[in-house]
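Here are some notes for reading the structure shown below. Please keep it open and find each place on the chain as the points come up.

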Amino acid sequence: MGFELVRGPHSVGEANLHLQFTPKYRREMFRVERVKEACMRSFRRTAEGVGVVLHAVEFGPEHRHLFVGACKNHSVAQLAQRLKGASSRKIRRELWHAIEEKLWGKAFWSSGYFYRSVGSTTNEAINWYIEHAQRKHWKALDHKAYKESKQKTLTHYMN
């Protein structure tokens, strides 16, 4: 099976992301079907509005995975902000009465997110990422430590 590449006026390639968002305080918001449906509608509308493709959206009770393609013109932070912001506004506007007892304040999503650049996206790849992302299986370095470790490696090779 061949992979499809996205052709633009001046480029050919593929840019896919796996994003994971968590509601504030890791509350199990997605056990409420209406909340899940409102998020889905918002994600679709936002993706269409910014010109990216939703390959898949999967929900756990207290998180959600989103696989986005054709996102070469957007930074990870930009996409996360647009997707989280639009869905949070929609939920607060339409369904706040159904979830407000689970939260303090007005925020729906936690401030952070998980992201991973994903190569060629097939159904098998998406299923693998979903299966392996259901638990914390990675070690995260803070940004400063990551930069320092990379600088040490670069210095070692340059000497």
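In what order do the elements of the protein chain run from the N terminus on?

1. The elements run β-β-β-α-β-β-α-β-α-α from the N terminus on, and this gives the protein chain four helices and six strands. Please bear in mind throughout that the model is a predicted one. The protein chain has 159 residues, of which 37% count as buried. Among contacts between residues at least 6 apart in sequence, 71% join residues at least 24 apart.

2. Strand 4, residues 53-60, and strand 5, residues 63-69, pair in the antiparallel sense, and seven bridges are found between them.

3. For helix 1 (residues 33-50) and helix 2 (residues 76-99), the angle is about 145 degrees and the axes are 9 Å apart, while the crossing is right-handed. The residues that meet include Val-35, Ala-38, Cys-39 and Phe-43 from helix 1, and Leu-83, Ala-86, Ile-91 and Leu-95 from helix 2. Taken as a whole, the residues of this contact divide into 12 nonpolar, four polar and six charged.

4. Is Val-52 buried or exposed? Val-52 counts as buried because its relative accessibility is 10%, which is under the cut-off of 20%. Val-52 is placed in the loop between helix 1 and strand 4, and, when residues up to four places away in sequence are not counted, Val-52 touches Ala-47, Val-68, Gly-69, Ala-70, Cys-71, His-74 and Leu-79. Leu-79 is 27 residues from Val-52 along the chain, yet their C-alpha atoms are separated by 9.3 Å.

5. Ser-88 lies in helix 2 and is buried, with a relative accessible area of 6%. Once the neighbours within four places in sequence are left aside, Ser-88 is in contact with Phe-108 and Trp-109.

6. A disulfide is a covalent bond between the sulfur atoms of two cysteines. How many disulfides does the count come to? With the rule that the sulfur atoms must be within 2.5 Å, the count comes to zero disulfides. As for individual cysteines, Cys-39 is buried with a relative accessible area of 0%, and Cys-71 is buried with a relative accessible area of 5%.

7. Tyr-25, which is not a glycine, has a positive phi of about 60 degrees; Tyr-25 lies in the loop between strand 3 (16-21) and helix 1, and counts as partly exposed at 41% relative accessibility. Ala-70 also has a positive phi, near 55 degrees, and its place is in the loop between strand 5 and helix 2. At 28% relative accessibility, Ala-70 counts as partly exposed, and Ala-70 is one of the residues that Val-52 touches.

Technical notes: Residues numbered from 1 in each chain as written. Predicted model: local features only at pLDDT ≥ 70, side-chain atom pairs only at ≥ 80, totals over all residues. Heavy atoms only, no water. Axes fitted to C-alpha atoms, helices over the stretch in contact; angles between N-to-C directions. Helix = DSSP H or I, 4+ residues; strand = E, 2+ residues; numbered from the N terminus. Left-handed = near helix turned anticlockwise from the far one by under 90°. Contact = heavy atoms within 4.5 Å. Nonpolar A, V, L, I, M, F, W, Y, C, P; charged D, E, K, R; others polar. Buried < 20%, exposed > 50% of the residue type's maximum accessible area, 1.4 Å probe, protein only. Pairing = 2+ DSSP bridges.
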